[in-house]
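The sequence and structure are shown first.

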Amino acid sequence: MNMPVHSSDSRTRQLVEAYGGLTRENLPALLALYDGQARFKDPFNEVSGRMAIERIFTQMFDELRDPRFVVLVATSEGSNAFLTWELHFLRQGNGMPMTIRGATHLQYSLDGLVTLHRDYWDAAEELYAKLPLLGAVMRTLRRRLSTPQKT
């Protein structure tokens, strides 16, 4: 599902294009949009510097089959941008299609490079709950901990 993404900010448009076409081979082009000391944080990582960020993406390509980002919404104001996205990939082993939905907060330096990349996504809902054994445990916990709905 490729929806048009509109952002009047050239920095954000360039980043969205880089993520939309991201492959292992063109990862250096994406990383060139990041400041040398950029900070990156997601539910599993918190690192600084292009080389550390490169390791995260390299690991993604090593562990996921055919990962592909689809940016759904991109908006910018001043030195900040906000993206909502989907990461589509095939699960190792059975090749089952999976999707992780999330959002990213970006901050740009005065020279237009990303200095902060902060991903927000729910690892419990988007990943753990979709795994066979752990998913059953997560669904049971969710049922037990959720507030009963009044009818």
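A residue is called buried when its relative accessible area is under 20%, exposed when it is over 50%, and partly exposed in between (1.4 Å probe, protein chains only). In this predicted model, local features need pLDDT of at least 70 and side-chain atom pairs count only at pLDDT 80 or more, while totals for chains, interfaces and linings use all residues. Residues are numbered from 1 along each chain as its sequence is written, and side-chain values use heavy atoms, with hydrogens and water left out.

Asp42 is buried but forms no salt bridge (a side-chain nitrogen of Lys or Arg within 4 Å of a carboxyl oxygen of Asp or Glu). Lys41, the nearest side chain of opposite charge, is 7.3 Å away. Asp42 lies in the loop between β1 (34-41) and β2 (46-48). The side chain of Asp42 does reach two backbone nitrogens, as tabulated here.

| Side chain | Backbone nitrogen | Distance |
|---|---|---|
| Asp42 | Phe44 | 2.8 Å |
| Asp42 | Asn45 | 2.6 Å |

Leaving aside residues up to four places away in sequence, Asp42 touches Asp119 and Trp121 (contact: heavy atoms within 4.5 Å).

Terms used:
Helix = DSSP H or I, 4+ residues; strand = E, 2+ residues; numbered from the N terminus. Lys, Arg positive; Asp, Glu negative; His and termini not counted. Polar contact = N/O pair within 3.5 Å; in protein donor to acceptor, adjacent residues only side chain to side chain.
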